[in-house]
Every structure is written in structure tokens, then in C-alpha cells.
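Colleague: I have the model open and would like to walk through a few of its features with you. Could we begin with the pocket?

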Amino acid sequence: MRTNIELDDILVKQALQMSAFRTKKDVVHEALKQYVASLKRKELLLIRGKNTWQGNLKQMRSL
């Protein structure tokens with residue numbers, strides 16, 4: 001998908017200098033991947049403890 005956006009030049013320059021990425025596109029792709037991963041971690045933390053395991057560990061180990 002092609003999208004035109006204005007990026008903060010200073011942030012992009014810093015990202016390029018601090019990373020091994022050579023293009024703005026690579027920097028943006030990595031930033032999006034990291035953002036999605038962060039959101040997924042937050043989702044996991046929200047459901048933590050809501051589903052408890054139901055079973056008999058002793059019985060399962062004897063099989």
C-alpha cells in the first residue's frame with residue numbers, strides 16, 4: 001500500500017544514524033513492527049489472569 005506522509009526529519013535522521021537501516025522506508029517498517037508488537041504485549045497483559053487453566057496435572061502426567 002502506498003501512502004504519503006510527513007515524517008519528523010530529525011527523528012528519521014536519528015533513526016537512520018542509530019540503526020543499520022539505510023532507507024526511510026526500512027525505518028518506518030521497523031517502527032510499525034515494533035509498535036504492533038508493543039500493542040500485542042499490552043493486550044496480553046490485559047487478559048492475564050482472566051483465563052485460568054482447568055485440569056488435573058497429576059492425571060495428565062500419569063498418561
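Modeller: The largest pocket is lined by Met 1, Arg 2, Thr 3, Asn 4, Ile 5, Leu 7, Lys 25, Val 28, His 29 and Leu 32. A pocket here is, on a 1 Å grid over the protein atoms alone, an open set of points where a 1.4 Å probe fits, with protein on both sides within 12 Å along at least five of seven lines, and lining residues have an atom within 4 Å of a point.

Colleague: Before we go on, what kind of model is this, and how are residues numbered?

Modeller: This is a predicted model, in which local features need pLDDT of at least 70 and side-chain atom pairs count only at pLDDT 80 or more, while totals for chains, interfaces and linings use all residues. Residues are numbered from 1 along each chain as its sequence is written, and side-chain values use heavy atoms, with hydrogens and water left out.

Colleague: How much space lies in the largest pocket, and what is its lining by class?

Modeller: The largest pocket holds about 400 Å³ of space, and its lining has 5 nonpolar, 3 polar and 2 charged residues.

Colleague: Switching topic, how many salt bridges does the count come to?

Modeller: The count comes to 1 salt bridge, taken as a side-chain nitrogen of Lys or Arg within 4 Å of a carboxyl oxygen of Asp or Glu. The side chains of Lys 33 and Glu 30 form this contact, at 3.5 Å from N to O.

Colleague: Where do those two sit relative to each other?

Modeller: Lys 33 and Glu 30 are 3 residues apart in helix H2, so about one helical turn separates them; helices are DSSP runs (H or I, at least four residues), numbered from the N terminus.

Colleague: Is Lys 33 buried or exposed?

Modeller: Lys 33 counts as exposed because its relative accessibility is 55%, where exposed means over 50% with a 1.4 Å probe and protein chains only, buried means under 20%, and partly exposed lies in between.

Colleague: Now helix H1: what about Lys 13?

Modeller: Lys 13 lies in helix H1 (residues 9-18) and is exposed, with a relative accessible area of 53%.

Note on methods: Grid points are joined across faces, edges and corners, and a volume is the space filled by probe spheres set on the points. Ala, Val, Leu, Ile, Met, Phe, Trp, Tyr, Cys and Pro count as nonpolar, Asp, Glu, Lys and Arg as charged, and the others, Gly among them, as polar.
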